Amino acid sequence: MQMGDETRQRVKFTDDRVCKSHLLDCCPHDILAGTRMDLGECTKIHDLALRADYEIASKERDLFFELDAMDHLESFIAECDRRTELAKKRLAETQEEISAEVSAKAEKVHELNEEIGKLLAKAEQLGAEGNVDESQKILMEVEKVRAKKKEAEEEYRNSMPASSFQQQKLRVCEVCSAYLGLHDNDRRLADHFGGKLHLGFIQIREKLDQLRKTVAEKQEKRNQDRLRRREEREREERLSRRSGSRTRDRRRSRSRDRRRRRSRSNSRERRKSSRSRSRDRHRRHRSRSRSHSRGHRRASRDRSAKYK
């Protein structure tokens with residue numbers, strides 16, 4: 001889905017409406033556009049400016065959009081594989097039954113056809129890039145595979161009645177679900193294996209494998225980071241508990257010291273008070289003794305005076 005200027009100003013690449021597969025340049029709607037399996041416009045926002053913003057931001061922090069893109073491609077490929085299996089089942093029901101031996105020989109021809117198609121597509125690509133020598137080497141390999149195919153076709157032909165051999169035996173491409181004929185010529189094979197549809201599916205499948213690996217590595221890293229943070233947190237808590245314990249011990253020690261000091265101070269005060277009371281009692285006793293002695297002496301003098 002494309003955006004108008006007003007929407008573009010409001011939407012950021014982190015918005016849920018933005019296609020994360022597009023940001024990672026792997027949306028099937030983009031890759032298969034213009035093929036016979038053109039998916040039309042994506043339901044989410046596609047914008048190259050948002051992709052540029054994402055590429056800049058992803059260098060500074062991990063946004064983990066690979067997980068969204070992986071889920072998208074897995075769903076798409078699972079649906080394609082389901083269609084491939086249905087196509088195989090229909091072929092098995094409609095095509096004439098053949099023995100396992102003949103089927104194996106037909107499969108051999110299909111495999112050689114596939115190899116020829118891939119080599120021709122590669123040779124054409126190298127030629128278009130100006131690498132003529134490498135392209136010629138590939139074409140020489142093609143000739144060798146063609147010779148093997150001719151032998152395989154001869155074995156297949158000899159194993160079947162002439163009427164059955166003329167029937168077009170089809171095969172479903174495991175990559176893109178297209179039908180391939182046992183008797184397809186080189187041009188048809190090259191067009192298929194070098195075509196945008198087949199190459200597009202290869203790109204999607206390879207991108208999916210890459211995303212799975214990236215997601216697994218990032219999840220492992222996140223798990224390790226989470227485990228490290230938990231261990232650090234537990235270590236800090238242990239240190240905090242030890243520190244708190246030492247603090248409590250110091251507080252208890254200071255409290256005991258204060259109690260001892262108060263106790264010693266109180267003991268000194270009590271001793272002082274006791275000594276003070278003792279001195280007071282002694283002074284009172286001495287005072288009473290002196291008073292009694294003076295009184296006794298006066299009485300004695302008075303009695304002496306009386307007798308005189």
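**Exercise 1. Which residues does Tyr-179 touch, not counting residues up to four places away in sequence?**

Solution. The model is predicted.
Step 1: List the partners. Tyr-179 touches Ala-87, Arg-90, Leu-91, Leu-170, Arg-171, Val-172 and Arg-188.
Step 2: Tyr-179 belongs to strand 2, residues 179-181.
Step 3: Ala-87 and Tyr-179 are 92 residues apart in sequence. Their C-alpha atoms are 8.7 Å apart in space.
Step 4: Tyr-179 has 34% relative accessibility, so it counts as partly exposed.

**Exercise 2. Is His-192 buried or exposed?**

Solution. 
Step 1: Read the value. The relative accessible area of His-192 is 8%.
Step 2: Apply the cut-off. Buried means under 20%. His-192 is therefore buried.
Step 3: Locate the residue. His-192 lies in helix 9.
Step 4: Find its contacts, leaving aside neighbours within four places in sequence. His-192 meets Cys-173, Cys-176, Ala-178, Leu-180 and His-198.

**Exercise 3. Which element gives the most to the lining of the second largest pocket?**

Solution. 
Step 1: Size the pocket. The second largest pocket holds about 260 Å³ of space.
Step 2: Name the elements that give two or more residues to its lining. They are helix 6 (100-128), helix 9 (186-193) and helix 10 (196-307).
Step 3: Pick the main contributor. Helix 6 gives the most, with six residues.
Step 4: Look at the whole lining. It has 15 residues, and Ala-121, Lys-122, Phe-193, Gly-194 and Leu-199 lie nearest the pocket centre.
Step 5: Sort the lining by class. Six residues are nonpolar, three polar and six charged.

Notes
Residues numbered from 1 in each chain as written. Predicted model: local features only at pLDDT ≥ 70, side-chain atom pairs only at ≥ 80, totals over all residues. Heavy atoms only, no water. Helix = DSSP H or I, 4+ residues; strand = E, 2+ residues; numbered from the N terminus. Buried < 20%, exposed > 50% of the residue type's maximum accessible area, 1.4 Å probe, protein only. Contact = heavy atoms within 4.5 Å. 1 Å grid on protein atoms, 1.4 Å probe; cavity = no way out; pocket = protein on both sides within 12 Å on 5 of 7 lines; lining within 4 Å. Points joined across faces, edges and corners; volume = space filled by probe spheres on them. Nonpolar A, V, L, I, M, F, W, Y, C, P; charged D, E, K, R; others polar.
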